[in-house]
Each structure stands twice: as structure tokens, then as C-alpha cells.
Amino acid sequence: TGVRGRGLLQAVILAKPIAPAVVDAALAAGFVINAPRPDVLRLAPPLIISAAELDSFISVLPALLDKAAEEAS
């Protein structure tokens, strides 16, 4: 439903409480994120992350969200 934060430290606010399932799917795909609340994803990449690495996460995020939503159904 939204994004908040500063710089590379970002929070993605979800419409449903599926953040823990998204974290699990992201870890399986090789991305480290966490869920401080059931409906929030926290992204805190290292300062040395490349644009290509950020792009790869952004491209896979919709699939991670879809997978988590399907598992929650």
C-alpha cells in the first residue's frame, strides 16, 4: 500500500499480513529482508550494493509477493 523510509533504508507496507511469508520466499531466492510487523517489509541493503543488485530484487519482488499471498490463501 505504500513505501516509506530514507536512502536505502525502506519499508514496504503491505495490504495483507503476509510479510513473514515474503521474508521466507526472499531468503529462498537469496535476498535478506525482514518483517518488523506482519504487514511491513524492511529493506536495509548494505551501502555497497550495486544498481544491478537492486534491480534484481525489484524485478523478483512481485513474484515473492504473489507466492506469499497464494500460501496465505
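Reply: **A close look at one residue**

Arg 42 is partly exposed, with a relative accessible area of 36%; buried means under 20%, exposed means over 50%, and partly exposed lies in between (1.4 Å probe, protein chains only). The model is a predicted one, in which local features need pLDDT of at least 70 and side-chain atom pairs count only at pLDDT 80 or more, while totals for chains, interfaces and linings use all residues. Residues are numbered from 1 along each chain as its sequence is written, and side-chain values use heavy atoms, with hydrogens and water left out.

Arg 42 belongs to strand 4. Helices (H or I, at least four residues) and strands (E, at least two) are DSSP runs, numbered from the N terminus. Two helices and four strands occur in the protein, and along the sequence they follow the pattern β-β-α-β-β-α.

The bridge partner of Ala 11 in strand 4 is Arg 42. Ala 11 and Arg 42 lie 31 residues apart in sequence, yet their C-alpha atoms are 4.6 Å apart in space. Leaving aside residues up to four places away in sequence, Arg 42 touches Leu 9, Gln 10, Ile 33, Asn 34 and Pro 36, where contact means heavy atoms within 4.5 Å.

The pairings may now be taken in turn. Strand 1 and strand 2 (residues 9-13) are joined in the antiparallel sense by five bridges, and Gly 5 has Gln 10 in strand 2 as its bridge partner. Strand 2 also pairs with strand 4, again antiparallel, over four bridges. Strand 3 and strand 4 run antiparallel and are joined by two bridges. Arg 37 is placed opposite Val 40 of strand 4, and a hairpin of two residues connects strand 3 to strand 4.

Which residues of helix 1 are buried? They are Ala 19, Val 22, Val 23, Ala 25 and Ala 26. Seen down the helix axis, these residues fall within an arc of 165 degrees, so they line one face of helix 1; the arc is that of the directions from the helix axis to the C-beta atoms. An α-helix has 3.6 residues a turn, so residues three or four places apart point the same way. The buried residues of helix 1 pack against strand 3, strand 4 and helix 2 (51-72), whereas Asp 24 and Ala 28 are exposed on the other side of helix 1. After helix 1 comes Gly 30, with a positive phi near 95 degrees.

For the protein as a whole, buried residues make up 26% of the 73 residues.

Technical notes: Pairing = 2+ DSSP bridges.
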